[in-house]
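This report describes the architecture of one protein chain. The sequence and the model are shown first.

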Amino acid sequence: MRKINEEICCSKVDVIVNTNYKEFLNSIHGKKAIFYSKSLNIDYRGDLNIPIEDGEKAKDVSNVLDLVKTLYDHDFNRGDYVIAIGGGTVLDLVGFVSSIYMRGLNLINIPTTLLGMVDAAIGGKNGVNFGNAKNILGTFYQPSLIIVDLNFIKTLPEEEVRKGLAEVIKYALVLDKELYDYLAMNDKRVLEKDEDALEEIIYRSIKDKLEVVKEDEKETKGIRVVLNFGHTIGHAIEAGSNFTIPHGYAISVGMVCEAKIAEEMGYSEEGVVEDTLWMLSLYGLPITPEKLPFHYSKDLALASVEKDKKIRGNEILMPFPTRIGNYKVVRVPTETVKGFASQCL
Ligand SMILES: NC(=O)c1ccc[n+]([C@@H]2O[C@H](COP(=O)([O-])OP(=O)(O)OC[C@H]3O[C@@H](n4cnc5c(N)ncnc54)[C@H](O)[C@@H]3O)[C@@H](O)[C@H]2O)c1
């Protein structure tokens, strides 16, 4: 357990979870919430566990007002805490609501998926979907505390582990050659959920992300965009599928496509595309659109490229891998990105 910017006071606290956890209070996750609250000296009410729809549906904008209403009806004020326990979807929704309710409630993130641990819980970004665009409403809002507990991984299906590994591989490809080498040599241990191997990759991923966020918290300096490698195309795939294709799989195909664009535009060394394909395949992640679990509309996907949050004028800020563990941010005309994207989508 590593603590970040701990801040404890408190009056009441409540928990927002996925609907999956029906027997929440009797479950391992519920007990942990009580345990954490007690050890943080927070008065856990326990009578207000708010379930959230499972999966990407959680990030429907309508859930924002529902949650706000619940908090309002229960007299929450700025001294109170909410604990978000769940995957990236719950963390994104609750993070957003916590940031806007009375201009900011105290937030504790307890990620329960690998993706949540290595990415969504860290760095203060949140967001919900609107129209056909991903994370179009969101804020930068840092949690008071993040608790990463590897025990949650025990119940996580293999498929969910793979989705989280897509983000881990992202860090390896653009930021961390040592992580790439570690992943290359420890695939079996990682996929068998060996605790030491998991701790190593989670720790390195969090460290990689925090180093970037420290330099450019609000994504104004052109540094934090590196964390979006694979996400321009990945988000387009998600939008093209009406958000049925999971984020981890979409960005896996997105990273392949963006690495190819980088190579074709002459920004990456020879071999980067092969290394990207090899690593994603090693962890059983999709590398072509045909391998994705659901169909998506190519037209819708291409149209959604124009809603990318990294667009500046007529260009998109694209973080390209130059060689494994390194990157360069390049401004590419939106039409050029769409032209390349139409070849790999
Ligand atoms: N804010 C950020 O910086 C950031 C970064 C990366 C991704 N994201 C967002 O995260 C979302 C994806 O998150 P995700 O992949 O965690 O998906 P998710 O939240 O939908 O969770 C995946 C599934 O795992 C289940 N689950 C969660 N914890 C479990 C556990 N311990 N055991 C068994 N089942 C468990 C959930 O109920 C769900 O069915 C996307 O919306 C993406 O945009 C945000």
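**Basis and overall fold**

The model is predicted; local features need pLDDT of at least 70, side-chain atom pairs count only at pLDDT 80 or more, and totals for chains, interfaces and linings use all residues. Residues are numbered from 1 along each chain as its sequence is written, and side-chain values use heavy atoms, with hydrogens and water left out.

The chain has 13 helices and 10 strands, where helices (H or I, at least four residues) and strands (E, at least two) are DSSP runs numbered from the N terminus. Of the 345 residues in the chain, 58% are buried; buried means under 20% relative accessible area, exposed over 50%, and partly exposed in between, with a 1.4 Å probe and protein chains only. The accessible surface of the chain is about 14,700 Å², and carbon and sulfur atoms contribute 50% of that surface. Areas come from the Shrake-Rupley method with a 1.4 Å probe, and for residues only the protein chains shown count as cover. Among contacts (heavy atoms within 4.5 Å) with a separation of 6 or more, 75% involve residues 24 or more positions apart.

**Strands**

Two strands pair if DSSP finds at least two bridges between them. Strand 5 (residues 128–130) and strand 6 (residues 133–137) run antiparallel and are joined by two bridges. Phe 130 stands opposite Ala 133 of strand 6. The two strands form a hairpin with two residues between them, and Gly 131 in the turn has a positive phi of about 60 degrees.

A separate description applies to an open sheet of three strands, ordered 8-9-10 with antiparallel pairing. Strand 8 (311–312) and strand 10 (327–333) lie at the edges with a single partner strand each, so one side of each has no neighbour in the sheet. Strand 9 (residues 315–321) pairs with strand 10 in the antiparallel sense over seven bridges. Glu 315 has Pro 333 in strand 10 as its bridge partner.

**Helix 10 and helix 11**

Helix 10 (residues 247–264) packs with helix 11 (residues 272–282) at an angle of about 170 degrees, the axes being 9 Å apart. Axes are lines fitted to C-alpha atoms, for helices over the stretch in contact, and angles run from 0 to 180 degrees between N-to-C directions. The two helices are therefore roughly antiparallel, a term for angles over 145 degrees. Helix 10 contributes Ser 252, Met 255, Val 256, Ala 259, Lys 260 and Glu 263 to the contact, and helix 11 contributes Val 273, Glu 274, Thr 276, Leu 277 and Leu 280.

The table gives relative accessible areas.

| Residue | Relative accessible area |
|---|---|
| Ser 205 | 0% |
| Asn 135 | 17% |
| Glu 258 | 0% |

For the contacts that follow, residues up to four places away in sequence are not counted. Ser 205 is found in helix 8 (residues 195–215) and is in contact with Val 118, Val 168, Tyr 171 and Leu 179. Asn 135, in strand 6, touches residues including Lys 59, Asp 92, His 235 and Lys 309. Glu 258 lies in helix 10, and its contacts include Asn 228, His 231, Met 318 and Phe 320. The C-alpha atoms of Glu 258 and Gly 230 are 5.9 Å apart, although 28 residues separate the two along the chain.

Note on methods. Parallel < 35°, antiparallel > 145°, perpendicular 65-115°, else oblique.
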